[in-house]
Amino acid sequence: MLKNLSAWHVIVLVGVLILLFGAKRLPELAQGIGQSMRIFKSEIKDLTDDDEPARPVVAAPAAPAVALRPEPSVPEDRPAA
């Protein structure tokens, strides 16, 4: 489809775009399209990264258990059993 596009076709197309949108709006449109393409590429990359198998994660050593409430102490006047 695009193989039959000659230089004249491109010139006419650019002229029509300038007439429709104006010369001042074309850079803004191009910038918006560029930002959209960057976002699209990053989303596609994230999707392909999700498909890859996850690397095994080395587990960190477990932290010692912390008591939430203090254990009752044995009074010193009573002998421990």
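This is a predicted model: local features need pLDDT of at least 70, side-chain atom pairs count only at pLDDT 80 or more; totals for chains, interfaces and linings use all residues.
Helices here are DSSP runs of at least four residues, numbered from the N terminus, and in that sense Leu17 is found in helix 1.

Let me begin with the chain as a whole, which has two helices and zero strands. Of its 81 residues, 0% count as buried, and the chain exposes about 8600 Å², with carbon and sulfur atoms supplying 65% of that area.

Turning to helix 1, which covers residues 7–21, its 15 residues should span 21 Å at 1.5 Å a residue, and this agrees with the end C-alpha atoms, which are 21 Å apart. Just after this helix comes Gly22, which takes a positive phi of about 90°. Together with Val12, Leu13, Val16, Leu20 and Phe21, Leu17 makes a nonpolar surface patch of about 550 Å².

Now to helix 2, residues 25–51, where Arg25 and Glu28 both lie, three residues apart, or about one turn of the helix. In general, an α-helix has 3.6 residues a turn, so residues three or four places apart point the same way. The side chains of Arg25 and Glu28 meet in a salt bridge, at 4.0 Å from N to O, and the count of salt bridges comes to one.

Technical notes:
Residues are numbered from 1 along each chain as its sequence is written. Side-chain values use heavy atoms; hydrogens and water are left out. The expected span of a helix is 1.5 Å times one less than its number of residues. Patches are made of residues with over 30% relative accessible area and no salt bridge: like charges are joined within 9 Å, nonpolar side chains (Val, Leu, Ile, Met, Phe, Trp, Tyr) within 5 Å. Accessible areas come from the Shrake-Rupley method with a 1.4 Å probe; for residues, only the protein chains shown count as cover. Buried means under 20% relative accessible area, exposed over 50%, partly exposed in between (1.4 Å probe, protein chains only).
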